[in-house]
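Here is a short briefing on helix packing and charged pairs. Have the sequence and the model open side by side.

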Amino acid sequence: MRTTQKTLQKMRDVGEKISALTCYDASFALLLENAGVDILLVGDSLGNVLQGEKTTLSVTLDDMVYHTGCVARGSSKAFIMADMPFGTSQVSPENTFENAAELISAGASMVKIEGGRVMAETIKFLSLRGIPVCAHIGLMPQSVHMLGGYKVQGKSTNQANKLLEDAVILEEAGAGMLLMEAIPAILAKEITKKLIIPTIGIGAGVDCDAQVLVLYDILGIYSGKKSKFIKNFMDGAGSINEAVENYVKEVKSKKFPKSEHGF
């Protein structure tokens with residue numbers, strides 16, 4: 001039986017940590033779920049790690065539909081979340097629904113949308129029509145040009161207050177989960193305490209309900225720039241399967257991330 005949003009909410013409610021990794025194909029989908037990964041995120045990071053692009057901006061909806069289908073066919077237990085690529089959610093709520101519906105039809109259980117309170121109307125529109133949404137705040141790769149690069153967000157008091165307000169607004173709009181990327185750990189902890197829905201952290205400290213990393217980063221095979229929050233789990237592991245199992249164990253036991261992996 002496949003993990004559901006209700007399952008993840010129950011895990012959050014009882015304090016059980018949730019493990020997530022990006023996944024782009026059927027073979028890794030099976031390996032990851034057998035190693036205990038709860039959420040498979042079909043990320044637009046495939047633009048970087050699979051397509052060799054410098055940003056995620058060139059990834060298309062067709063790309064995401066294709067890879068979501070691959071992951072869905074390769075797995076039977078893990079919860080599948082798919083990114084809405086650039087330009088597919090920054091449109092009208094009606095057009096966003098049409099785009100999101102393609103990802104759900106391909107096998108996703110939830111779509112992830114970057115953006116703060118500006119996306120509240122869209123998230124409400126989708127959630128009322130049966131499409132679960134994970135909101136994404138903090139560092140948003142699709143806004144890299146607007147943000148002036150891949151920089152930590154929420155460091156100033158004003159920025160922190162805005163992110164906290166955004167999180168509450170997005171939950172009230174109907175978001176079923178919230179991903180926070182590259183924000184101070186103390187802020188992520190405060191947001192997690194404030195919300196009812198599960199929070200996912202990537203470079204956001206150990207107090208988030210879930211942790212996610214890019215698969216190719218934990219296996220040490222991505223040649224691009226390494227972020228501070230990355231840990232190579234192949235170090236000391238005898239196989240890819242063991243590395244993924246070690247990642248899951250460290251997330252579940254709160255051994256990862258440590259302070260050196262955060263801000």
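Angles between axes under 35 degrees count as roughly parallel, over 145 as roughly antiparallel, 65 to 115 as roughly perpendicular, and the rest as oblique. Keep in mind that this is a predicted model.

**Helix 2 and helix 4**

- Helix 2 covers residues 26-34 and helix 4 covers residues 61-74.
- Their axes come within 7 Å and cross at roughly 45°.
- Helix 2 and helix 4 are therefore oblique to each other.
- The crossing of helix 2 past helix 4 is right-handed.
- Helix 2 brings A26, A29 and L30 to the contact, and helix 4 brings C70, V71 and G74.
- By residue type, the contact of helix 2 with helix 4 has five nonpolar, one polar and no charged.

**Helix 8 and helix 9**

- Helix 8 runs over residues 157-173, and helix 9 over residues 185-194.
- The two axes come within 10 Å, with a crossing angle of roughly 25°.
- That angle is under 35 degrees, so helix 8 and helix 9 are roughly parallel to each other.
- Helix 8 passes helix 9 in a crossing that is right-handed.
- On the helix 8 side, the contact residues are A160, L163, L164, A167 and V168.
- They meet L187, E190, I191 and K194 of helix 9.
- Seven residues of the contact of helix 8 with helix 9 are nonpolar, two are charged and none is polar.

**Salt bridges: a pair across the chain**

- Side chains of opposite charge can pair when their charged atoms come close.
- The structure holds eight salt bridges.
- One of them joins the side chains of E16 and K252, at 3.4 Å from N to O.
- E16 sits in the loop between helix 1 (5-14) and strand 1 (18-22), while K252 sits in helix 11 (residues 240-252).
- The pair links distant parts of the chain, 236 residues apart.
- E16 has a relative accessible area of 39%, so E16 is partly exposed.
- K252 also counts as partly exposed, because its relative accessibility is 27%.

**Salt bridges: D166 and its partners**

- Which residue meets D166 in a salt bridge at 2.5 Å? The partner is R117, with the distance taken from N to O.
- D166 lies in helix 8, and R117 lies in the loop between strand 4 (110-114) and helix 6 (120-128).
- The D166 and R117 pair therefore ties together parts that are 49 residues apart in sequence.
- Is D166 buried or exposed? D166 counts as buried, because its relative accessibility is 3% and the cut-off for buried is under 20%.
- R117 is partly exposed, with a relative accessible area of 33%.
- The side chains of K162 and D166 also meet in a salt bridge, at 3.3 Å from N to O.
- K162 and D166 are both in helix 8, four residues apart, which is about one turn of the helix.
- K162 is partly exposed, at a relative accessible area of 43%.
- R117, K162, E165 and D166 form one network, joined by salt bridges that share partners.

How values were computed: Residues numbered from 1 in each chain as written. Predicted model: local features only at pLDDT ≥ 70, side-chain atom pairs only at ≥ 80, totals over all residues. Heavy atoms only, no water. Axes fitted to C-alpha atoms, helices over the stretch in contact; angles between N-to-C directions. Helix = DSSP H or I, 4+ residues; strand = E, 2+ residues; numbered from the N terminus. Left-handed = near helix turned anticlockwise from the far one by under 90°. Contact = heavy atoms within 4.5 Å. Nonpolar A, V, L, I, M, F, W, Y, C, P; charged D, E, K, R; others polar. Salt bridge = Lys/Arg side-chain N within 4 Å of Asp/Glu carboxyl O. Buried < 20%, exposed > 50% of the residue type's maximum accessible area, 1.4 Å probe, protein only.
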